[in-house]
Amino acid sequence: MSQQECSTGEVREQKVTAERDDEFVVFHIGMRINAFWKIHRWLPLLLVAPRMVRELMDNPESGLLGSRTVLGPGVRHIGFVQYWESFESLRAYARDGDRLHYPAWQEYYQHGTKADAAVGIWHETYLVSEGEYETVYNNMPAHGLAACDDTEINPAKEQRTTATDRLASGHGPEDPTHPP
């Protein structure tokens with residue numbers, strides 16, 4: 001990805017869809033502050049997370065296609081939605097002792113969870129096969145998968161009008177402006 005988060009640029013005043021020719025990984029990761037007053041438990045994680053993203057974005061060979069920060073629900077939850085070229089790239093980064101993640105991971109499990117549950121962490125990994133997803137963006141800047149390198153942006157019309165059309169499953173129209 002080109003040194004930016006996955007929501008950038010000018011608003012595209014049309015309905016578009018994002019398409020990729022290869023499989024990819026969607027990775028959600030975040031933390032929940034369970035005890036605001038225990039700043040020494042959650043602040044280190046809060047500070048290292050954006051540095052990890054920058055570290056990945058500064059290395060085009062990392063396998064990270066794009067990342068965006070998400071907040072909520074409420075002020076306790078902070079996380080990232082990331083797009084990776086492969087699970088192997090994601091795993092390699094997570095376990096690389098020369099990168100920021102692995103020492104932070106070890107520190108969290110050795111010291112951050114034994115004393116108390118002041119901060120929680122979570123992640124979800126989704127392996128996405130080519131053609132097994134659909135996207136739509138209406139009057140949006142490049143966002144999410146559409147902002148990732150090597151993603152093709154196409155008008156969401158004709159055979160790309162509805163989610164069903166984009167998934168090519170043939171279940172009929174879903175466009176709210178064209179009832180069945």
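In the predicted model, the hairpin formed by strand 3 and strand 4 has five residues between the strands, and Gly 72 takes a positive phi near 100° there. Within the pairing, Ser 67 stands opposite Gln 82 of strand 4.

Strand 4 also pairs with strand 2; these strands run antiparallel and are joined by eight bridges. Val 25 has Trp 84 in strand 4 as its bridge partner. Strand 2, which spans residues 24-33, is in turn paired with strand 5 (residues 119-128) in the antiparallel sense over 10 bridges. Here Arg 32 is placed opposite Gly 120 in strand 5. Strand 2 is mostly covered, as seven of its 10 residues are buried. In general, the side chains of a regular strand alternate between the two faces of the sheet.

These strands belong to a chain with four helices and seven strands. From the N terminus on, the order of the elements is β-β-α-β-β-α-α-β-β-β-α. The chain has 180 residues, of which 38% count as buried.

Tyr 137 is a buried residue in strand 6, which covers residues 137-143. Its relative accessible area is 10%, and because this value falls under 20%, Tyr 137 is classed as buried. The C-alpha atoms of Tyr 137 and Arg 12 are 8.7 Å apart in space, although 125 residues separate the two in sequence.

Two patches on the surface were identified, one nonpolar and one negative. The nonpolar patch consists of Phe 36, Trp 37 and Val 75, which together have about 390 Å² of accessible area. Phe 36 is located in the loop between strand 2 and helix 1. Because its relative accessibility of 34% lies between 20% and 50%, Phe 36 counts as partly exposed.

The negative patch is made up of Asp 21, Asp 22, Glu 23, Glu 61, Glu 85, Glu 130, Asp 149, Asp 150 and Glu 152.

Technical notes: Residues are numbered from 1 along each chain as its sequence is written. This is a predicted model: local features need pLDDT of at least 70, side-chain atom pairs count only at pLDDT 80 or more; totals for chains, interfaces and linings use all residues. Side-chain values use heavy atoms; hydrogens and water are left out. Patches are made of residues with over 30% relative accessible area and no salt bridge: like charges are joined within 9 Å, nonpolar side chains (Val, Leu, Ile, Met, Phe, Trp, Tyr) within 5 Å. Accessible areas come from the Shrake-Rupley method with a 1.4 Å probe; for residues, only the protein chains shown count as cover. A salt bridge is a side-chain nitrogen of Lys or Arg within 4 Å of a carboxyl oxygen of Asp or Glu. Lys and Arg count as positive and Asp and Glu as negative; His and the chain ends are not counted. The place of a charge is taken as NZ of Lys, CZ of Arg, CG of Asp or CD of Glu. Helices (H or I, at least four residues) and strands (E, at least two) are DSSP runs, numbered from the N terminus. Buried means under 20% relative accessible area, exposed over 50%, partly exposed in between (1.4 Å probe, protein chains only). Two strands pair if DSSP finds at least two bridges between them.
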